[in-house]
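Welcome to my notebook. Below are my entries from a first look around this chain, written for anyone opening the structure alongside me.

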Amino acid sequence: MSEDIWKRDEVESPCINICVIHPREGICTGCLRTLDEIAGWGSKSPESRAAILDALPTRRAALKKRRGGRAARLKDTKA
């Protein structure tokens with residue numbers, strides 16, 4: 001069965017099936033949308049969807065902030 005049957009002429013979801021909400025940023029680590037954006041995607045206008053897609057690239061940086069990792073944990077144990 002062809003996947004073309006299920007395609008529509010509208011702004012498609014950016015979902016990549018990695019659905020994990022970042023606890024601090026409140027955005028999905030896969031598609032970078034908020035829970036409200038994900039939940040309301042089906043009822044949003046094409047313009048609203050396009051605006052969300054335009055905002056996504058700037059959100060990736062929020063997930064790349066380092067919290068210290070192993071070096072910070074080791075530093076805490078030496079103190």
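**Entry 1: a charged pair**

I began with Glu37, which is buried, at a relative accessible area of 12%. My cut-offs: buried means under 20% relative accessible area, exposed over 50%, and partly exposed lies in between, with a 1.4 Å probe and protein chains only. Before going on, I noted that this is a predicted model, where local features need pLDDT of at least 70 and side-chain atom pairs count only at pLDDT 80 or more, while totals for chains, interfaces and linings use all residues. I also noted that residues are numbered from 1 along each chain as its sequence is written, and that side-chain values use heavy atoms, with hydrogens and water left out.

Which side chain meets Glu37 in a salt bridge? I found Arg59 there, at 2.7 Å from N to O. Arg59 lies in helix 2 (residues 46-63) and Glu37 in helix 1, so the pair ties together parts that are 22 residues apart in sequence. Arg59 is buried as well, with a relative accessible area of 18%. I used this rule: a side-chain nitrogen of Lys or Arg within 4 Å of a carboxyl oxygen of Asp or Glu. By that rule I count one salt bridge. A reminder to myself: side chains of opposite charge can pair when their charged atoms come close.

**Entry 2: the overall plan**

Next I looked up the layout. The chain has three helices and zero strands, and along the sequence the pattern reads α-α-α. Helices (H or I, at least four residues) and strands (E, at least two) are DSSP runs, numbered from the N terminus. Of the 79 residues in the chain, 20% count as buried. I also checked contacts, meaning heavy atoms within 4.5 Å. Among those in the chain with a separation of 6 or more, 47% join residues 24 or more positions apart.

**Entry 3: the core**

Which residues make up the largest nonpolar core? I listed five: Ile27, Leu32, Trp41, Ile52 and Leu56. Such a core is a set of buried Ala, Val, Leu, Ile, Met, Phe, Trp, Tyr and Cys residues joined through side-chain atoms within 4.5 Å. In soluble globular proteins, nonpolar side chains tend to be buried together.

I followed Trp41 further. Leaving aside neighbours within four places in sequence, Trp41 is in contact with Val11, Glu12, Ser13, Pro14, Arg33, Arg49, Ile52 and Leu53.

Leu32 also got a note of its own. Leu32 sits in the segment before helix 1 and is buried, at 4% relative accessibility. The phi of Leu32 is near 75°, a positive value in a residue other than glycine.

**Entry 4: the segment before helix 1**

I stayed in this segment for Asn17. Asn17 has a positive phi of about 60° although it is not a glycine. Is Asn17 buried or exposed? I found Asn17 exposed, with a relative accessible area of 69%.

Cys19 is in the segment before helix 1 too, and counts as exposed at 60% relative accessibility. Cys19 and Gly30 are 11 residues apart in sequence, and their C-alpha atoms are 5.9 Å apart in space.

Val20 belongs to the segment before helix 1 and is partly exposed, at 47% relative accessibility. Together with Ile16 and Ile18, Val20 makes a nonpolar surface patch of about 260 Å². Patch residues have over 30% relative accessible area and no salt bridge; like charges are joined within 9 Å, and nonpolar side chains (Val, Leu, Ile, Met, Phe, Trp, Tyr) within 5 Å.

Last, I checked pLDDT, the predictor's confidence in each residue, from 0 to 100. The chain has a mean pLDDT of 83, and 72% of its residues reach 70 or more. Among the elements of the chain, helix 1 has the highest mean pLDDT (95), and helix 3 (residues 69-78) the lowest (66).

Key:
Areas by Shrake-Rupley, 256 points an atom, 1.4 Å probe, with all protein chains shown as cover.
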